[in-house]
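Subject: Structure handover

Hello,

The structure is below, with notes on what was found in it after that. Please read them with the coordinates open.

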Amino acid sequence: MKSVNATDAVFYFSINAPYKQCEVLYVPTMPDVVMVSESGLSVQVPTNRLRQFITSDGIKGRFRMVIDANKKIKSFERLG
């Protein structure tokens, strides 16, 4: 896990999407998706951050995204 600074924003997501729904993450004209974090905030996530977690079953798990004070993603990782 990456370290989190006091100025970082941390978002948690629970994802359970079958592979068929994940196919849209490979469409070149769709560089980002908007996801609702566990805190209820809508957050734009680059599709390339999600692709690495796709398996033949889709994407499943709880994830953490850390954003720095300049709104740059420091990390996007699966928890547990």
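Phe53 and Phe63 are both buried, where buried means under 20% relative accessible area, exposed over 50% and partly exposed in between (1.4 Å probe, protein chains only). This is a predicted model: local features need pLDDT of at least 70 and side-chain atom pairs pLDDT 80 or more, while totals for chains, interfaces and linings use all residues. Residues are numbered from 1 along each chain as its sequence is written, and side-chain values use heavy atoms, without hydrogens and water.

Four aromatic pairs turn up in a search of the whole structure; rings of Phe, Tyr and Trp (its six-membered ring) pair if their centres lie within 6.5 Å, and planes under 30 degrees apart count as stacked, over 60 as edge-to-face and the rest as tilted. The ring centres of Phe53 and Phe63 are 5.0 Å apart with the planes at 65°, so this pair is edge-to-face. Phe53 sits in the loop between helix 2 (47–51) and strand 4 (58–67), and Phe63 in strand 4, so the pair ties together parts ten residues apart in sequence. Helices (H or I, at least four residues) and strands (E, at least two) are DSSP runs, numbered from the N terminus. One aromatic cluster is formed by Phe13, Phe53, Phe63 and Phe76.

Strand 4 runs antiparallel to strand 5 (residues 73–79), joined by six bridges; two strands pair if DSSP finds at least two bridges between them. Opposite Phe63 stands Arg78 of strand 5.

Met35, in strand 2 (residues 32–36), is buried with a relative accessible area of 13%.

Regards
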